[in-house]
Amino acid sequence: MKPVNEFPSADGLWTGIRLAADANVEGAIVVAQGAIRWVGARSVVPAEFAGLKPHDGGGALVTPGLVDCHTHLVYGGQRANEFAMRLAGATYEEVAKAGGGIVSSVRATREADEDTLFAQAAPRLEQLLADGVCAIEIKSGYGLSLEHERKQLRVARRLGEAYGVTVRTTFLGAHALPPEYAGGSGDYIDLVCNQMLPALAAEGLVDAVDVFCERIAFSLAETEQVFKAAKALGLPVKLHAEQLSDMGGAALAARYGALSCDHIEHLSAEGIEAMRQSGTVAVLLPGAYYTLRDTHLPPIDALRAAGVPMAVSTDHNPGTSPALSLLLMVNMVCTLFRLTVPEALDGVTVHAARALGLQDTHGAIAPGMPANFVLWNVREAAELAYWFGQQPVRAVVRQGRIAIGAKE
């Protein structure tokens with residue numbers, strides 16, 4: 001891995017590119033001091049920029065840098081054996097009795113030190129970055145104690161620094177009950193709200209707070225308790241909502257101005273209206289839907305009709321979505337959920353950025369924003385959704401530096 005400070009600067013005049021908004025016209029981008037200074041048609045580049053260092057895009061299509069807005073990237077071990085067990089007919093209960101499920105990831109995460117977790121997460125991050133990702137959310141939630149949640153969040157911060165990528169950390173202490181609190185969810189939520197979250201926030205490790213609100217996880221009342229604690233600390237909230245049943249979590253999250261509600265296969269009309277009013281983003285996670293062989297589709301038409309922005313993410317996690325390609329999720333969300341190509345691409349750029357509160361710095365190519373964009377070896381934007389298994393990245397400009405595709 002090349003140190004971030006060795007990535008060459010992207011400052012200069014980028015030509016020989018086609019902007020996704022109008023791929024039939026040669027475009028140009030001016031980058032100065034790591035930020036976008038000007039963007040438009042090559043034929044009308046202001047004279048003041050004509051003498052800048054040239055960067056030839058070779059006819060590549062350009063989009064904003066991709067944003068993976070829901071991942072659980074830092075964890076110990078993996079759970080391929082459970083995948084094989086389920087295929088062989090084992091039930092969820094049988095997998096759990098064999099020591100599987102989230103408890104196995106908690107055990108492996110607790111056993112690993114920070115350096116081990118970093119070494120395991122780094123190659124996963126590298127694969128996502130190779131797909132054009134320029135910003136990523138990383139949740140905790142496999143430590144389920146102050147010591148081990150801190151460890152996950154510290155590794156997430158380290159990954160951002162080491163790879164020169166924007167990382168937003170989300171505290172998901174309310175992911176599941178740790179074994180030592182079996183049967184005592186109230187006591188555990190008190191620990192999350194009164195000890196874990198305040199301590200981690202004080203250490204600058206938390207950008208947002210999430211809860212798994214579901215019958216197999218935490219109730220509406222427990223979720224609201226966590227949201228109140230987050231609000232008291234000035235932290236935005238997100239929610240794993242309506243994945244397995246309609247718990248009313250989305251409406252609750254919307255009342256707290258949630259950045260996003262994620263999964264939402266069982267989202268109700270009331271939840272959609274609440275999200276519309278609050279501006280909360282709906283995050284679609286086709287990888288989990290696919291892995292779990294779900295058949296209950298999210299209410300895409302209703303979300304579309306209501307104008308609720310729809311983001312798309314990998315939901316990378318060891319149990320239900322071991323996905324390492326955001327472009328594959330673009331294909332899946334079009335194929336499985338019937339999003340259009342423009343909707344899917346907005347879902348991994350502008351709407352995904354909004355789901356992380358990063359709309360001012362990511363998800364678009366506009367003057368004043370940091371330079372985060374991708375050059376693709378494709379003729380048209382539809383190819384980014386059409387191919388799967390291909391890696392069409394020609395170059396990636398991330399945080400104002402050429403992270404991939406620089407000429408040596």
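Which residues line the largest cavity? The lining is made up of E137, R168, T169, T170, D207, A208, K238, L259, A355 and L356. This is a predicted model, in which local features need pLDDT of at least 70 and side-chain atom pairs count only at pLDDT 80 or more, while totals for chains, interfaces and linings use all residues. Residues are numbered from 1 along each chain as its sequence is written, and side-chain values use heavy atoms, with hydrogens and water left out.

On a 1 Å grid over the protein atoms alone, a cavity is a set of points where a 1.4 Å probe fits but cannot get out; a pocket is an open set with protein on both sides within 12 Å along at least five of seven lines, and lining residues have an atom within 4 Å of a point. Grid points are joined across faces, edges and corners, and a volume is the space filled by probe spheres set on the points. Searching the whole structure turns up one cavity of 30 Å³ or more. The largest cavity has a volume of about 40 Å³. Strand β7 (residues 166-174) puts in the most lining residues here, three of them. (Strands are DSSP runs of E with at least two residues, helices are runs of H or I with at least four, and both are numbered from the N terminus.) Sorted by class, the cavity lining has four nonpolar, two polar and four charged residues. In this sorting, Ala, Val, Leu, Ile, Met, Phe, Trp, Tyr, Cys and Pro are nonpolar, Asp, Glu, Lys and Arg are charged, and the others, Gly among them, are polar.

What about the packing inside? In soluble globular proteins, nonpolar side chains tend to be buried together. A nonpolar core here is a set of buried Ala, Val, Leu, Ile, Met, Phe, Trp, Tyr and Cys residues joined through side-chain atoms within 4.5 Å, where buried means under 20% relative accessible area, exposed means over 50%, and partly exposed is in between (1.4 Å probe, protein chains only). The largest nonpolar core has 90 residues, and L159, F171 and W376 have the most contacts inside it. Contact means heavy atoms within 4.5 Å. A second, separate core has 16 residues, including L19, I36, F373 and A395.

I138 sits in strand β6 (residues 133-139) and counts as buried, at 0% relative accessibility. Leaving out residues up to four places away in sequence, I138 touches T71, L73, V74, A156, L159, V167, R168, T169 and T170. Q152, in helix α5 (residues 146-163), is buried too, with a relative accessible area of 1%. The Q152 side chain reaches the backbone oxygen of V74 at 2.6 Å; a polar contact is a pair of N or O atoms within 3.5 Å, and within protein one must be able to donate a hydrogen and the other to accept it, with residues adjacent in sequence counting only if both atoms are side-chain atoms.

Then there is the backbone. Most residues other than glycine have a negative phi, and most peptide bonds are trans. I264 has a positive phi of about 50 degrees although it is not a glycine. I264 belongs to the loop between β10 (260-263) and α9 (269-278), and is buried at 0% relative accessible area. Q399, also not a glycine, has a positive phi of about 55 degrees. Q399 is in the loop between β14 and β15 (401-404) and is partly exposed, with a relative accessible area of 39%.

Finally, E126 lies in helix α4 (residues 114-130) and counts as partly exposed at 36% relative accessibility. E126 and Y163 are 37 residues apart along the chain, and their C-alpha atoms are separated by 8.5 Å.
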